[in-house]
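Here is a short tour of one structure.

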Amino acid sequence: EARIAGRLRYRSAQPAEIRPGAQIQGGVVQETVARPPRVLPGRGRFPWVRWTLEALWLLVLGFVLQAVLPQAGARIAEEVWRAGRNLLVGFVLLVTVPVAAALLLLTVVGIPLGFLALGLYAATLYLGQVFTGRRIGEELLKRALRTSTVSPYAATAVGVLMLVVLFALPWVGWVVRLGAVLVGFGAIWLVAYRATSHG
């Protein structure tokens, strides 16, 4: 039984619930609620912070790998250039390794092997983009400097930074990342397979 001498103005997406006994002399006005701005995929309030941190993390990984395993890193980067085969191998491993690891985890004896397989799978899957970036950086620097040899650290820096810029693009960034990951992922496991098969 409330009584309002003036106009009732409110802002809500839902209509106001007014009891039959209430009296509003000036009428009721519902104001529309402005929708929040649409955020594109992969873009937050400060998207550059995320991409800067990821670029730094990938660079650290690339530099550490070069310092610890220089010869293996060079072989993997060379293998990256065979992109078609690496994409196929990377995709097959992407699908089959989790399934095989899950089957191992179902058995008591295979639990350690299952966890080991999942750990190597996750680590090499993420590192794949580092080697893809390094290979791209090598080609760019060789053509820009017109030389046959370049520093692996400089190549990693150039390639990784270029990839991160492409990753940040809306709509197509995830496609670039998927391709970079699978190509490098396949190259890592092909080189590892050759190393183990040759003793």
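## The largest pocket

In this predicted model, three helices each supply at least two residues of the lining of the largest pocket: α2 (70-80), α4 (111-145) and α6. Helix α6 gives the largest share, four residues. The pocket has a volume of about 200 Å³.

Which residues line the largest pocket? The lining is made up of Leu65, Leu69, Ala72, Gly73, Ile76, Thr124, Leu127, Phe131, Ile188, Val191, Ala192 and Ala195. By class, 10 of these lining residues are nonpolar and two are polar. No charged residue takes part in the lining of this pocket.

## The cavity

How many cavities of 30 Å³ or more are there? The count is one. The space in the largest cavity is about 50 Å³.

Its lining consists of Gly62, Leu65, Gln66, Leu69, Gly73, Val130, Phe131, Arg134 and Thr156. Helices α1 (47-68) and α4 are the elements that give two or more residues to this lining. The classes divide into four nonpolar, four polar and one charged.

## Helices α5 and α6

Two packed helices are described by the angle between their axes and the distance between the axes. Helix α5 covers residues 152-167, and helix α6 covers residues 173-197. Their axes come within 7 Å. They cross at roughly 140°. Angles over 145 degrees would count as roughly antiparallel, so α5 and α6 are oblique to each other.

Which residues make the contact? Helix α5 contributes Leu163, Leu166 and Phe167. Helix α6 contributes Gly173, Val176, Arg177 and Ala180. By class, the contact of α5 with α6 has five nonpolar residues, one polar residue and one charged residue.

## Leu118 on helix α4

Leu118 sits in helix α4. Is Leu118 buried, partly exposed or exposed? Its relative accessible area is 31%. Buried means under 20% and exposed means over 50%, so Leu118 is partly exposed.

What does Leu118 touch, leaving aside its neighbours within four places in sequence? Its contacts are Pro98, Ala101 and Leu105. Ala101 lies 17 residues from Leu118 in sequence. In space, the two are 6.4 Å apart, C-alpha to C-alpha.

## Two loop residues with positive phi

Arg146 is found in the loop between α4 and α5. Arg146 is not a glycine, yet its phi is positive, about 55°. The relative accessibility of Arg146 is 78%. The cut-off for exposed is over 50%, so Arg146 counts as exposed.

Trp171 is placed in the loop between α5 and α6. Trp171 also has a positive phi, near 75°, in a residue other than glycine. With a relative accessible area of 53%, Trp171 is exposed.

Technical notes: Residues are numbered from 1 along each chain as its sequence is written. This is a predicted model: local features need pLDDT of at least 70, side-chain atom pairs count only at pLDDT 80 or more; totals for chains, interfaces and linings use all residues. Side-chain values use heavy atoms; hydrogens and water are left out. Axes are lines fitted to C-alpha atoms, for helices over the stretch in contact, and angles run from 0 to 180 degrees between N-to-C directions. Angles under 35 degrees count as roughly parallel, over 145 as roughly antiparallel, 65 to 115 as roughly perpendicular and the rest as oblique. Contact means heavy atoms within 4.5 Å. Ala, Val, Leu, Ile, Met, Phe, Trp, Tyr, Cys and Pro count as nonpolar, Asp, Glu, Lys and Arg as charged, and the others, Gly among them, as polar. On a 1 Å grid over the protein atoms alone, a cavity is a set of points where a 1.4 Å probe fits but cannot get out, and a pocket is an open set with protein on both sides within 12 Å along at least five of seven lines; lining residues have an atom within 4 Å of a point. Grid points are joined across faces, edges and corners, and a volume is the space filled by probe spheres set on the points. Buried means under 20% relative accessible area, exposed over 50%, partly exposed in between (1.4 Å probe, protein chains only).
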